[in-house]
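This report looks at how side chains meet in one protein model.

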Amino acid sequence: MTIRTLCLTSALALFAGAAQAEMNFNRIASFATPENMAEGEDRARVTSAEIIYASEDGNTLVYTDSPLGVIGRIDITDPRAPKPLGNIEMGGEPTSVAVAGDTAFVGVNTSESYTAPSGKLEMVNMQSGEIVGACDLGGQPDSVALSKDGSFVTVAIENERDEDAGDGRVPQMPAGYVAILDVVDGAAQCDSLVKADVTGLAEIAPEDPEPEFVDVNGAGEIVVTLQENNHIVVLNKLGEVLSHFSAGSTDLTEIDATDERGALIFTESQEGRLREPDSVQWLDDEHFAIANEGDMDGGSRSFTVFGKDGTEVYDSGNTFEHAVVQVGHYPDKRSDAKGAEPEGMEVATFDGTPYMILLSERGSVAGVYDMTDPAAPVLKQMLPSGIAPEGAVAIPQRNLLVTANEEDLIEDGGVRAHVMIYEYAEGAAMYPTLTSEGADELIGWGAISGMVAGDDGMVYAVNDSFYGFQPRIFTIDPSSKPARITKALDVTRAGRPAQKLDLEGITLDGEGGFWLASEGRTDRLIPHALYHVSAEGEIEEEIGLPAELLAQEQRFGFEGITMVGGTLWMAVQREWTGDPENHVKLVSYNPETKEWGAVLYAKAAPEKGWVGLSEITAHGDFVYVVERDNQIGAAAVTKKVYRIPLAEMVAAPLGGELPVVSKEEVRDLIPDLKGWGGYVVDKVEGLAIAEDGTAYVSTDNDGVDDSSGETFFWSFKLD
């Protein structure tokens, strides 16, 4: 919902006889919100980082944490090593924050119910953390903004609707309004409160405006979005309406509009989709941009630039969502709702050039736009963020950008809410590491699992069961930076996308086709199986597991497949019934003789959760495997590549005693994963080794479902 002021540049300086200097944002650090809890507090409680701002010197961050009812502060004097400054109780639910001088102005919701809304504006000393004052706002606050000169503060009083009442529709009284208060010597003057009336303006529920977001331009004019009302109002400091107009609608084409299909198909459309904007930011004193998240009926997946007189200057249509698709961040489970859901934004200027940062709440990614010409924005970068970015703040004097990400998955054993820090500096963009930009068609992708290096310099990869109605083989050109997906080949039966597959491994068949390994789940009627697939993607042969293996079946089956001298080898992820503790099978199958066999592999004992194998590939005199735990962030311990002498890969018959192979550590991948400045992701799933010994590694982003959506694809040279 929020953001505050960023300065960056995309201008490239070219000097005679010198190389072109490239300026980009790259993530340099992350901060988990539980770190701000005091010693002895229960860190298993849900936290959040929603709206964020910075002190005037840029050394301290302050963010709202609604679940805990606090604001948190972070010391970023060294932005690569953020330090906790602790939480401050707000006596209610903090919804937004803005800073002027040494004072943080915090909107706090104290409502007893939807029908009896209340709230206050707390004032907090940024240095000491002391609460120095408070003003009763008379309603439920949402967004807080300050004038450029610090002379007044304005608050969107939403008095939000109850989505479980009246079919979740407006009107639901009491009506919202815009609060405006003078600021003198760093303190809001409570007796100066103006309640700007914005009723009677919108075509949708004019009696019940729900102000969502406010921003103030250099002329002291306030722009406010009425999200559910699909309306925009411009006020002066006295609360008088200067202009108002509908946010309008958009005809969307080439989008995925069907929910939970398990396929990315961008051939659908939505006509007359209401914008229903969330955040709004002035680009200059004449133009502002809105993020069209949607809420009640709308959500056009876009951003729009308006003149303050209501003239529509630009609409991004489907282009922002397509950019989200290309970097693998498209949230398929939100397709029928609001897709990538652009929600928050930040506008700032560096060296005279205005930029906008647009946050995709559900895609967990941020687009960086050059807004030099408001009628022709140019997308410069896509930045990875944590899960569900809600707010952002730019710190121009320090060349820093910060995002606040609200989702905390502690209750599901997942990653915590995070604040992400980026530096704007000379150098190449580190993200994305994999993209489908530049392909002949729009290719949606995600949940990359198994990989194999081709003889043609390409890497081939499969997606897993998250896209159960669209199993695919992706062609990746690893020579490009970032690596590029150039083709997506459907895996088919009788010419139609095959179903009941959970593809976790791929290897070449030596004849132009592939062997695929599918991890079964009997409870979902997905068989453990091998599939021989033609160069056109058609399944030509299906191999079920023998009775000796099926008798030991567990959920976590084949993860990876490789070919050695005409024999296929598959790694079983975790122990099956009868396996020794912390040992898993490497299973062999000879397509010519139909013989099965196996050896045992000793994996690490988990410190927490479980440890298993997620890939296998042969190269030279060794077979390489990826061994990983299921832990994320600071809890991650095991993300490693090991190798096994090929001479030891002599399969014994199933049902009898199996030999245990030896292993040698090749590379610890955790330092690599930390290199992107975020938290360590859990699913290292792909490993492909080219003929020259270049090892390519990839991670699985879980289809952007309870995930940041980040996919890391990188390489290193084997010794």
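## Charges over rings

A charge is said to sit over a ring if NZ of Lys or CZ of Arg is within 6 Å of the ring centre and within 35 degrees of the ring normal. In this predicted model, the charged end of Arg643 is placed over the ring of Phe622, 3.9 Å from the ring's centre. Arg574 has its charged end over the ring of Phe556, and here the distance to the centre is 4.2 Å.

## Aromatic pairs

The structure has 18 aromatic pairs. One of them joins Phe245 and Phe306, with 5.4 Å centre to centre and 45° between the planes, which is a tilted arrangement. Phe245 belongs to strand β18 (residues 241-246) and Phe306 to strand β23 (residues 303-307), so this pair ties together parts that are 61 residues apart in sequence. Phe245 and Phe306 are both buried.

Another tilted pair is made by Phe320 and Tyr369, whose ring centres are 6.4 Å apart and whose planes are at 50°. Phe320 is in helix α1 (residues 319-326) and Tyr369 is in strand β27 (residues 365-370), so parts 49 residues apart in sequence are tied together. Phe320 is buried at 0% relative accessibility, and Tyr369 is buried at 4%. Elsewhere, Phe245, Trp282, Phe288 and Phe306 make up one aromatic cluster.

## Salt bridges

The whole structure contains 31 salt bridges. In one of these, Glu286 and Lys308 meet at 3.6 Å, N to O. Glu286 lies in the loop between β21 (280-282) and β22 (287-291), and Lys308 in the loop between β23 and β24 (312-315), so the bridge ties together parts that are 22 residues apart in sequence. Glu286 is partly exposed at 43%, and Lys308 is partly exposed at 21%.

How are the side chains of Glu341 and Arg362 joined? They meet in a salt bridge of 3.2 Å, N to O. Glu341 is buried, with a relative accessible area of 1%, whereas Arg362 is partly exposed at 35%. Asp629 and Lys639 form a salt bridge of 2.8 Å, N to O, and both of these residues are buried. Arg161, Glu228 and Asp295 are linked in a network of salt bridges.

## A buried loop residue

Asn36 is located in the loop between β1 (23-32) and β2 (52-54). Is Asn36 buried or exposed? Its relative accessibility is 2%, so Asn36 counts as buried. A polar atom of the Asn36 side chain lies 2.7 Å from the backbone nitrogen of Gly86. Asn36 also touches several other residues, including Phe31, Tyr63, Arg73 and Pro84.

Methods:
Residues are numbered from 1 along each chain as its sequence is written. This is a predicted model: local features need pLDDT of at least 70, side-chain atom pairs count only at pLDDT 80 or more; totals for chains, interfaces and linings use all residues. Side-chain values use heavy atoms; hydrogens and water are left out. Rings of Phe, Tyr and Trp (its six-membered ring) pair if their centres lie within 6.5 Å; planes under 30 degrees apart count as stacked, over 60 as edge-to-face and the rest as tilted. Helices (H or I, at least four residues) and strands (E, at least two) are DSSP runs, numbered from the N terminus. Buried means under 20% relative accessible area, exposed over 50%, partly exposed in between (1.4 Å probe, protein chains only). A polar contact is a pair of N or O atoms within 3.5 Å; within protein, one must be able to donate a hydrogen and the other to accept it, and residues adjacent in sequence count only if both atoms are side-chain atoms. Contact means heavy atoms within 4.5 Å. A salt bridge is a side-chain nitrogen of Lys or Arg within 4 Å of a carboxyl oxygen of Asp or Glu. Lists of a residue's contacts leave out its neighbours within four places in sequence.
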